[in-house]
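Subject: Structure for your review

Hello,

Here is the structure I said I would pass on. My notes follow it.

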Amino acid sequence: MTTLLDAYADLMESVTWKQRGQVNEYNEPEYSESTISVVWFDDVRMIKNDSGEVLQQYAFILTTSEVQQGDVIVRGEYSFPVIGMQKTPHWDGEQFRIINLGDRMI
């Protein structure tokens, strides 16, 4: 299936996706890591997530990976928490996801 992201192939970059998993014995989440391709946009604005919370977005990405709220995206030396997510509808299912990223962490 060809998606809108195919038109942006020259803008794709690789980032690390830390997918949130189970919590350990200290009640801290454990993450599995993989490399994914995204289109990155620096964009500071206020957003409203699915829970109705108003949060500050610092960037967003477009990806076909199944990134979820609570995951972390690592670009260079910085980690960005996933604070929101929208799916783009398509007649063959989901075309890609728009992932809202919060303030970077070292």
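In strand 4, valine 72 is the bridge partner of lysine 18. Please keep in mind that this is a predicted model.

The strand 4 pairings

The barrel

How do the strands close up, and in what order? Six strands form a barrel in the order 1-2-3-6-5-4, with antiparallel pairing. On average, neighbouring strands of this sheet are turned by 50° against each other, direction ignored.

The nonpolar cores

The largest nonpolar core has 14 residues. Those with the most contacts inside this core are Ile36, Trp40, Ile61, Val67, Ile73, Ile99 and Leu101. The elements that give two or more residues to it are strand 1 (13–23), strand 2, strand 3 (54–63), strand 5 (78–90) and strand 6 (93–101). Another core, of five residues, lies apart from it, and Leu5, Val39, Phe60 and Phe96 are among its members.

Which residues does valine 67 touch, leaving aside those up to four places away in sequence? With that exclusion, valine 67 touches Trp17, Ile36, Ile73, Val82, Met85, Arg97 and Ile99.

Aspartate 43

Aspartate 43 lies in strand 2 (residues 29–48). Is this residue, aspartate 43, buried or exposed? Aspartate 43 has a relative accessible area of 17%, and it counts as buried because the cut-off is under 20%. The side chain of aspartate 43 makes a polar contact of 2.7 Å with the side chain of arginine 45. Aspartate 43 also touches Gln57, Tyr58, Ala59 and Phe60, again not counting residues up to four places away in sequence. One of these, Phe60, is also among the residues of the five-residue core.

That is what I have for now.

Regards

Notes: Residues are numbered from 1 along each chain as its sequence is written. This is a predicted model: local features need pLDDT of at least 70, side-chain atom pairs count only at pLDDT 80 or more; totals for chains, interfaces and linings use all residues. Side-chain values use heavy atoms; hydrogens and water are left out. Helices (H or I, at least four residues) and strands (E, at least two) are DSSP runs, numbered from the N terminus. Buried means under 20% relative accessible area, exposed over 50%, partly exposed in between (1.4 Å probe, protein chains only). A polar contact is a pair of N or O atoms within 3.5 Å; within protein, one must be able to donate a hydrogen and the other to accept it, and residues adjacent in sequence count only if both atoms are side-chain atoms. Contact means heavy atoms within 4.5 Å. A nonpolar core is a set of buried Ala, Val, Leu, Ile, Met, Phe, Trp, Tyr and Cys residues joined through side-chain atoms within 4.5 Å. Two strands pair if DSSP finds at least two bridges between them. Axes are lines fitted to C-alpha atoms, for helices over the stretch in contact, and angles run from 0 to 180 degrees between N-to-C directions.
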